[in-house]
Amino acid sequence: MTGPYGARPRQQRINVTFSPPTPNGDLHLGHLAGPVLNSDICARSQKILGHDVAFATSTDDNQTYVVTTAERLGIIPEALIQQAMDSVTRSLELAGVDVDLFERPDAEYTAFVRGFFTSLWEHGAFDLREIELPYDAETGEYKAEAFVTGRCPTCLAHARAGVCEACGLYNLPGALLPVADTASALPTKAVSVWVLDLERYRSMITNWYRTTDVQLRPDLAKVVSDTLASRLPYIPLTYPSAWGITVDWDGPDVQPQAINAWPEIYVGHVYWLQQARMDPFAPCDELVQFIGIDNGFYNAFVYVTLAMLAARHGMSVSLPRTRTVTNQYYMLEGRKFSTSKGDVRWAKDYLESVGRDRARFVLGLTSPELQQAEFSEPIAAATIAARYDAPLRAIVDALQPLAGRRIDAVPSPWWTAAAKASRGRFEDAYRLETFSVRRAAEAVALHLEVLALRCDAIRPDDASDVSGALQFLWTLRTLGWPVTPDLSEHISTAFSAESTIGKPPLLSDLATPPVGAFRGLTVPPAGTPAAEPATA
């Protein structure tokens with residue numbers, strides 16, 4: 001990304017995705033400040049570099065959390081899924097998340113997933129194993145995943161079967177320390193399921209991490225090292241359940257089992273990104289996937305193994321350089337945001353109250369990238385007022401007398417140095433190797449701060465000073481577009497320039513000043529609700 005103004009890096013095909021939202025409610029601020037906003041800013045940042053970006057995901061309909069939430073609410077799962085799909089879609093629009101494709105599983109998706117896993121099963125990639133699952137004799141049902149809660153056998157935190165959200169490590173449904181009056185306290189019963197035995201593929205997994213040049217964030221690196229330090233677990237690929245995508249690998253006389261929804265997510269990423277590119281064989285240079293750390297184990301081990309097995313057996317998947325970008329938990333008054341527990345501040349409500357750019361800005365500044373972060377509405381409001389609204393007001397007022405002026409002179413050395421420094425900050429934030437939404441939002445804040453402070457000293461009779469100030473504002477149209485797309489569009493309007501809606505401004509064009517004269521910058525006042533998306 002470094003280089004002189006006008007230098008264009010080699011165009012790459014980059015696929016971006018985030019963990020599919022479980023359709024048991026709307027997006028909350030934990031989702032938005034974590035994988036959702038991170039992935040959108042990443043996809044946008046790669047677009048301004050001129051890369052060919054596909055950005056897609058779906059709802060995670062087959063998760064057992066859908067069933068448990070529907071039971072709690074007293075509605076059927078399908079109704080819950082559709083409600084959640086409508087709500088999440090609207091929240092993504094309000095947030096300006098410029099996803100190419102956001103769908104829910106359908107018949108074609110189901111056939112693709114079933115075919116993927118069946119093909120690997122036919123190649124002998126999975127093992128049939130008898131495991132112990134909590135069993136409800138009254139209903140005749142085995143309990144797994146979201147139906148089972150207890151204490152993590154590794155860190156003792158409250159956990160559901162599958163993965164402990166506290167330590168990120170895997171646990172089998174029957175391995176949780178039982179808690180009274182929950183499914184974990186039920187007696188267990190043996191049942192045969194198909195499993196992915198990760199220990200069987202240890203050498204393949206360790207070689208993947210030994211040869212990759214992608215550096216993991218510390219939390220995911222710890223999950224990898226802790227897991228590799230002992231025998232790798234086996235992961236149930238199927239469960240005796242009617243919820244999900246069923247397979248009849250055990251023959252016509254045995255009740256079909258459902259594919260575990262966690263491994264299914266990887267195949268969903270493959271499918272939806274192929275759909276976004278409208279080409280099942282489209283090559284990809286880099287896959288960037290954004291997840292909460294609670295999904296870290298599956299991404300680091302299950303998805304990696306499934307991808308390598310599929311490639312080994314000649315299936316239509318690619319093995320691009322893969323970056324799994326994790327975030328820690330966003331806390332609401334000391335509690336983890338949780339739809340299932342009711343600890344939430346809904347994204348839609350917050351976006352409508354403060355506006356899209358302001359929400360993206362403050363959530364970017366406080367994103368829980370490397371450690372837990374706390375959302376406090378009063379602190380967020382004060383941050384927006386001091387670091388976004390106040391400098392913008394000062395800029396609007398100070399630049400108004402320059403209406404009618406053009407960028408028609410070489411900017412003064414001060415402005416040239418400031419522009420170079422700001423661009424460097426943005427480039428460091430957007431570079432995939434060092435990607436950080438916190439640094440990107442901080443770069444926006446500092447760009448505004450510097451412009452606001454310097455505006456008081458602009459000399460209208462000095463063409464280089466005027467051009468420098470206007471050029472510094474103009475560069476924010478491109479540099480800030482991944483974080484604050486509406487502001488970029490306002491800057492376009494201020495110079496009568498081409499709209500950035502559906503057509504990202506390119507970094508390679510940054511040195512080319514706008515043709516039109518500056519007309520004055522107009523931005524909505526603080527507290528203005530979010531407008532329609534500044535996206536395609």
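pLDDT is the predictor's confidence in each residue, from 0 to 100. The model shown here is predicted.

**Figure 1. Confidence along the chain.** The mean pLDDT of the chain is 90. Of its residues, 94% reach 70 or more. Residues 1-8 stay under 50. For them the model has 17 contacts beyond four places in sequence. Residues 530-536 also have a pLDDT below 50. That stretch has 23 contacts in the model beyond near neighbours in sequence. Where pLDDT is low, the predicted coordinates should not be read in detail.

**Figure 2. The largest pocket, with a volume of about 1000 Å³.** Its lining is made up of 44 residues. Closest to the centre are His31, Glu165, Asp294, Lys336 and Phe337. Three elements, α1 (29-48), β7 (158-160) and α7, each supply at least two lining residues. Helix α1 has the largest share, with four residues. By class, the lining of this pocket divides into 19 nonpolar, 17 polar and eight charged residues.

**Figure 3. The second largest pocket, with about 600 Å³ of space.** This pocket is lined by 31 residues. Tyr142, Tyr239, Pro240, Ser241 and Ala242 lie nearest its centre. Two or more lining residues come from each of α2 (64-73), β4 (127-136), β5 (141-142), β10 (188-197), β14 (257-259) and α7. The classes here are 17 nonpolar, nine polar and five charged.

**Figure 4. The largest cavity, with a volume of about 100 Å³.** The structure holds three cavities of 30 Å³ or more. Rolling a probe the size of a water molecule over the atoms shows where empty space is left. The largest cavity is lined by Trp208, Tyr209, Thr212, Val214, Leu216, Leu220, Gln289, Asn299, Ala300, Val304, Thr322 and Thr324. Helix α8 gives the most, with three residues.

Figure 5. Helix α7 has the largest share, five residues. The lining of this cavity has six nonpolar, six polar and three charged residues.

**Figure 6. The largest nonpolar core, with 87 residues.** Seven members touch the most other members: Leu29, Tyr350, Leu363, Phe375, Phe495, Phe518 and Leu521. Helix α13 (residues 437-455) gives the most to this core, with ten residues. Which residues does Phe495 contact, leaving aside its neighbours within four places in sequence? They are Ile407, Leu470, Leu473, Trp474, Pro514, Gly516, Ala517 and Phe518. A second, separate core has 66 residues, including Leu101, Val113, Ala144 and Tyr298. In soluble globular proteins, nonpolar side chains tend to be buried together.

**Figure 7. Glu286 in strand β15 (residues 286-292).** Is Glu286 buried or exposed? Its relative accessibility is 3%, so Glu286 counts as buried. The cut-off for buried is under 20%. Glu286 touches the run Arg13, Ile14 and Asn15. It also touches Pro320, Arg321, Arg323 and Leu432. Residues up to four places away in sequence are not counted here.

**Figure 8. Pro504 in the segment after α15 (485-494).** Pro504 counts as partly exposed because its relative accessibility is 23%. That class lies between the cut-offs of 20% and 50%. Not counting residues up to four places away in sequence, Pro504 touches Lys47, Ile48 and Trp481. Val483 is 21 residues apart from Pro504 along the chain. The C-alpha atoms of Pro504 and Val483 are separated by 12 Å.

Technical notes. Residues numbered from 1 in each chain as written. Predicted model: local features only at pLDDT ≥ 70, side-chain atom pairs only at ≥ 80, totals over all residues. Heavy atoms only, no water. 1 Å grid on protein atoms, 1.4 Å probe; cavity = no way out; pocket = protein on both sides within 12 Å on 5 of 7 lines; lining within 4 Å. Points joined across faces, edges and corners; volume = space filled by probe spheres on them. Nonpolar A, V, L, I, M, F, W, Y, C, P; charged D, E, K, R; others polar. Buried < 20%, exposed > 50% of the residue type's maximum accessible area, 1.4 Å probe, protein only. Contact = heavy atoms within 4.5 Å. Core = buried A, V, L, I, M, F, W, Y, C linked by side-chain atoms within 4.5 Å.
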